[in-house]
Amino acid sequence: MQQIFVREEDIEDGRIRVTGEDANHLGRAIRLKVGEKIRVSTDAERNFICEAVSFDSDALTLQILEESEDTEPANRIILFQAIPKGSRMETVIEKAVELGASEIIPVDMKYCVVRLDEKKKESRVQRWQKIADGAARQSKRSQMPKVGPVLSFREAADRLLSLDISLVPYENAQGAAYTMELLRKIKPGQSVGILIGPEGGFAPEEIDYVRDSKKAEVISLGHRILRTDTAAIASMTLVMMASEEAVGV
């Protein structure tokens with residue numbers, strides 16, 4: 001079953017009119033047929049199972065059949081990801097969205113290998129948002145996650161520290177038992193931030209900044225040194241499972 005996202009104002013008398021890229025994709029690429037069902041989520045956080053009832057040259061009309069369950073985690077999870085080289089950022093965004101991230105913030109840190117000028121930052125964020133959009137549809141998310149603008153380390157850290165729970169995986173942190181103890185304390189409704197360092201690791205002044213704040217929890221992901229993309233996926237998996245467990249899913 002396909003998934004799309006619409007505005008609440010697109011709904012009228014139990015029907016939804018889909019236009020633009022989504023209509024073109026469903027009609028021409030997917031070749032959705034009249035009578036087939038599709039899942040729809042709105043910007044007002046409502047979810048429906050709908051049926052295709054008609055097509056015209058530039059629009060698709062859907063009939064709402066029933067409400068569908070919400071698929072979002074019980075926590076708002078924000079991933080702050082140091083920009084990695086190659087296509088690893090694309091992998092991180094895709095998997096983080098599948099695992100329930102509400103927002104992914106690219107971060108320019110001291111030991112990042114990749115350096116982007118302002119023009120490239122803008123174009124990369126646009127591309128990364130398209131990857132997030134696709135992952136949200138594939139994983140049947142109820143909300144469209146956002147890829148934010150590239151932030152400096154200090155900007156990202158300050159936003160991280162403003163959240164209810166701030167997690168910083170670090171190779172010299174306490175053992176995994178301490179990490180699991182912290183995760184079990186996550187309560188439904190809390191905002192959770194995860195800050196992932198670059199290939200070159202955190203600079204001493206960066207890790208000191210979050211530690212000195214007394215608000216961030218520096219955690220371990222085990223005895224092995226993980227690549228930045230692996231660390232992001234592992235961290236998101238742990239937080240997603242803790243969030244689901246907290247509500248008894």
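This is a predicted model: local features need pLDDT of at least 70, side-chain atom pairs count only at pLDDT 80 or more; totals for chains, interfaces and linings use all residues.
View A. Residues are numbered from 1 along each chain as its sequence is written, and side-chain values use heavy atoms, with hydrogens and water left out. S10 covers residues 151-152, and two bridges pair this strand with S8 in the parallel sense. Two strands count as paired if DSSP finds at least two bridges between them. Strands (E, at least two residues) and helices (H or I, at least four) are DSSP runs, numbered from the N terminus.

**View B. Strand S8 also pairs with strand S9.** S9 consists of residues 146-147, and its two bridges to S8 are parallel. Across this pairing, Glu103 faces Lys146 of S9. S8 itself spans residues 103-108, and five of these six residues are buried. Buried means under 20% relative accessible area, exposed means over 50%, and partly exposed lies in between (1.4 Å probe, protein chains only).

**View C. Strands S7 and S8 run parallel.** S7 holds residues 76-82 and is joined to S8 by five bridges. Ala82 is placed opposite Val107 in S8. Between S7 and S8 the chain passes through helix H2 (residues 88-98), and this β-α-β crossover is right-handed. Right-handed means that, with the strands pointing away from the viewer, the path from the first strand over the helix to the second runs clockwise.

**View D. Phe153 and Tyr209 form an edge-to-face aromatic pair.** Rings of Phe, Tyr and Trp (its six-membered ring) pair if their centres lie within 6.5 Å; planes under 30 degrees apart count as stacked, over 60 as edge-to-face and the rest as tilted. The count by this rule is two aromatic pairs. For Phe153 and Tyr209, the distance is 6.1 Å centre to centre, with 75 degrees between the planes. Phe153 lies in helix H4 (residues 153-161) and Tyr209 in helix H6 (residues 204-212), 56 residues apart. Phe153 is buried, at 10% relative accessible area, whereas Tyr209 is partly exposed, at 25%.

**View E. Tyr170 and Phe202 form an edge-to-face pair.** Their ring centres are 6.0 Å apart and their planes meet at 75 degrees, so the pair counts as edge-to-face. Tyr170 sits in the loop between strand S11 (165-169) and helix H5 (176-183), and Phe202 in the loop between strand S12 (191-196) and H6, 32 residues apart. Both Tyr170 and Phe202 are buried.
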